[in-house]
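Please look at the sequence and the structure first.

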Amino acid sequence: MTTLADATASRTASRTPALRPHRIPADGLYEGPRLLRRTPDGWDERPYERFEVVPQAATIGAEIRGLDLSRPLSGELRAELNRALLEWKVLFFRGQRLSSRAQREFAGNWGELESNPLLARGDSKDVVRFDKAADAVPTFENVWHTDVTFRERPAMGAVLQLREVPPVGGDTMWADMAAAYDNLPPEIRARVNEARAVHDYLPGFARFCSPVQLAPFQQEFPPVEHPVVRRHPETGRRMLFVNASFTTHIVGLGRAESDRLLRLLFQQAQVPEFQVRWRWQPGDLAFWDNRATQHYAVNDYGAHRRVAERVAIAGDRPY
């Protein structure tokens, strides 16, 4: 026996219009809700007692207020700042105006400092200076990357201070690579969880440096393998660990398949919900977890000058 509900459903179905064939190109980014977890499961949420934390985005980036970083850190303050770094991935400090020595001393609270012979040097071998004068050719900017993943032990973190800020532009952006991993489609996560990729300094530096400049470092920095998804050594959280500057291919895949998968993984850093953007003022300082983030220096300041100094902290072997 046909009911009224059955008849109504039948008439509705018969009126449903037919749609022409359509598809979204494979490997695109899709709209919809994102999983935005700032911290790993089981994280101990406690208030901060020695400074104020002002969030700048949903999962990444917080301004720290109430500290003078030119003063030595107590063990308790260092521990609380480290907890904030693990929670927010990048910390911002307004108007610190540290000397290069004070900047090095602050970074040294987190371990041995590393030098980078491929970049311009500041006051000492472990200070890198980015001086983008008005007539300089822009280099080493505007690409999403994680620093020095071409090393066997990439940097744990970095401390960047802006000495001179252009009147407009010159911001820096960071992306949360744990959120980037969390939001991969399940079938992609399954493919990359145990995968390994090769990293090399040449692709990133050959855009701006000559073979004569780069050749001497080939033995010092041979290609290295790292996991595509690394575990954070302090939180245990999974994070994407490939980047467009230094990752050349995924081990065991043909070139076309590797390139296609890497393009999809590189795109994850470009999702605004996973990002924070900092508008610099002179003397500002940023301290980021290089294990958990990528960053992008925005090259939109034209003929103006931008001067920054960076100190990097030696890291561990990714696993």
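The model is predicted: local features need pLDDT of at least 70, side-chain atom pairs count only at pLDDT 80 or more, and totals for chains, interfaces and linings use all residues. Residues are numbered from 1 along each chain as its sequence is written, and side-chain values use heavy atoms, with hydrogens and water left out.

An open sheet is built from three strands in the order β9-β8-β12, with antiparallel pairing. Strands here are DSSP runs of E with at least two residues, numbered from the N terminus, and two of them pair if DSSP finds at least two bridges between them. The edge positions belong to β9 (224–227) and β12 (247–250), each of which pairs on one side only. Strand β8 (residues 196–199) is joined to β12 over three antiparallel bridges; Val-198 has His-249 in β12 as its bridge partner.

The whole structure holds 17 aromatic pairs, a pair being two rings of Phe, Tyr or Trp (its six-membered ring) with centres within 6.5 Å; planes under 30 degrees apart count as stacked, over 60 as edge-to-face and the rest as tilted. Trp-144 and Tyr-296 form a tilted pair, 5.4 Å centre to centre with 50° between the planes. Phe-92, Trp-174, Trp-278, Trp-280 and Trp-288 make up one aromatic cluster.

| Charged residue | Ring | Distance from ring centre |
|---|---|---|
| Arg-83 | Tyr-48 | 4.1 Å |
| Arg-230 | Phe-241 | 5.0 Å |

How values were computed
Helices (H or I, at least four residues) and strands (E, at least two) are DSSP runs, numbered from the N terminus. A charge sits over a ring if NZ of Lys or CZ of Arg is within 6 Å of the ring centre and within 35 degrees of the ring normal.
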